[in-house]
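Dear colleague,

Please find the structure below, handed over for your records. My notes on it follow.

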Amino acid sequence: MIAVIVPLVWLGWLVVTEWVPMYPLNDLTPGNLRHRLLAASINYPFPLLIAGGVALHQTWSLIAATALCVLILVGHVQSWWVPYFGTATPQQRETYLRDYTRTLKVIPTQGHDVVIDVQHLVVGVLSLVMFGTTLAATLAG
């Protein structure tokens with residue numbers, strides 16, 4: 001049951017932080033509306049598919065849900081941690097400057113082109129929990 005709930009919590013966090021103004025946790029300026037709509041159309045189906053796959057509790061659906069969790073983790077690492085510890089692409093820097101420069105951060109910012117903010121640290125933790133619970137459901141399945 002937890003493996004069904006966690007993806008929905010993940011989705012809820014995304015919806016709230018992408019649509020409810022809570023500055024400095026998020027920065028919902030009108031200039032980033034198009035980007036938020038695109039991100040929503042790409043990201044929102046994933047947790048629904050994961051929760052559905054776990055709820056269906058078939059071998060194929062559990063494996064598919066776990067694979068989707070892996071894709072989410074890889075995307076998160078590629079979007080935030082690789083640019084933080086390595087070199088950000090021009091697109092990553094542009095998105096960061098437009099949407100996340102003014103958001104709340106708790107990790108060091110000096111010397112980094114892209115710095116993960118609190119909003120996305122929570123996404124990362126929830127992504128790990130989602131992967132763990134989905135994997136546990138798959139292995140127990």
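Which residues lie nearest the centre of the largest pocket, and how many residues line it? Ala39, Asn43, Ser79, Trp80 and His120 lie nearest the centre, and the lining comprises 31 residues. Before the details, please note that this is a predicted model, in which local features need pLDDT of at least 70 and side-chain atom pairs count only at pLDDT 80 or more, while totals for chains, interfaces and linings use all residues. Residues are numbered from 1 along each chain as its sequence is written, and side-chain values use heavy atoms, with hydrogens and water left out.

**The largest pocket**

A pocket is defined here on a 1 Å grid over the protein atoms alone, as an open set of points where a 1.4 Å probe fits, with protein on both sides within 12 Å along at least five of seven lines; lining residues have an atom within 4 Å of a point. The volume of the largest pocket is about 840 Å³, a volume being the space filled by probe spheres set on the grid points, which are joined across faces, edges and corners. Helices α1, α2, α4 (59–85), α5 and α6 each supply at least two residues of its lining. Helices are DSSP runs (H or I, at least four residues), numbered from the N terminus. By class, the lining has 14 nonpolar, 13 polar and four charged residues. In this count Ala, Val, Leu, Ile, Met, Phe, Trp, Tyr, Cys and Pro are nonpolar, Asp, Glu, Lys and Arg are charged, and the others, Gly among them, are polar.

**Salt bridges**

The structure holds four salt bridges, each defined as a side-chain nitrogen of Lys or Arg within 4 Å of a carboxyl oxygen of Asp or Glu. One of them is formed by the side chains of Arg102 and Asp27, at 3.2 Å from N to O. This pair links distant parts of the chain, 75 residues apart: Arg102 is in the loop between α5 (90–99) and α6 (118–140), and Asp27 is in the loop between α1 (2–19) and α2 (33–43). Asp27 is buried, at 9% relative accessible area, whereas Arg102 is partly exposed, at 48%. Buried means under 20% relative accessible area, exposed over 50% and partly exposed in between, with a 1.4 Å probe and protein chains only.

Arg98 takes part in a salt bridge with Glu94, at 3.8 Å from N to O, and in another with Asp99, where the closest N and O atoms are 3.0 Å apart. Through these shared partners, Glu94, Arg98 and Asp99 are joined into one network. Arg98 and Glu94 both lie in α5, four residues apart, about one turn of the helix. Arg98 is partly exposed at 30% relative accessibility, as is Glu94 at 43%, while Asp99 is buried at 2%.

**Helix α5**

Which residues of α5 are buried? They are Gln92, Thr95, Tyr96 and Asp99. Seen down the helix axis, these residues fall within an arc of 100°, so they line one face of α5; the arc is that of the directions from the helix axis to the C-beta atoms. What covers them includes α2 and α4. The face turned away from the buried side carries the exposed residues Pro90 and Leu97.

**Two buried residues**

Asp117 lies in the loop between α5 and α6 and is buried, with a relative accessible area of 0%. Not counting residues up to four places away in sequence, Asp117 touches Leu25, Trp80, Tyr100, Thr103, Leu104 and Lys105, contact meaning heavy atoms within 4.5 Å. Asp117 and Asn26 are 91 residues apart in sequence and 8.8 Å apart in space, C-alpha to C-alpha.

Thr66, in helix α4, is buried at 10% relative accessibility. Leaving aside neighbours within four places in sequence, Thr66 is in contact with Phe131, Thr134, Leu135 and Thr138.

**Backbone geometry**

Most residues other than glycine have a negative phi, and most peptide bonds are trans. A cis peptide bond joins Tyr23 and Pro24, with omega about 15°; Pro24 is found in the loop between α1 and α2. His57 has a positive phi, near 55°. His57 lies in the loop between α3 (45–56) and α4 and is partly exposed, at 43% relative accessible area.

With kind regards
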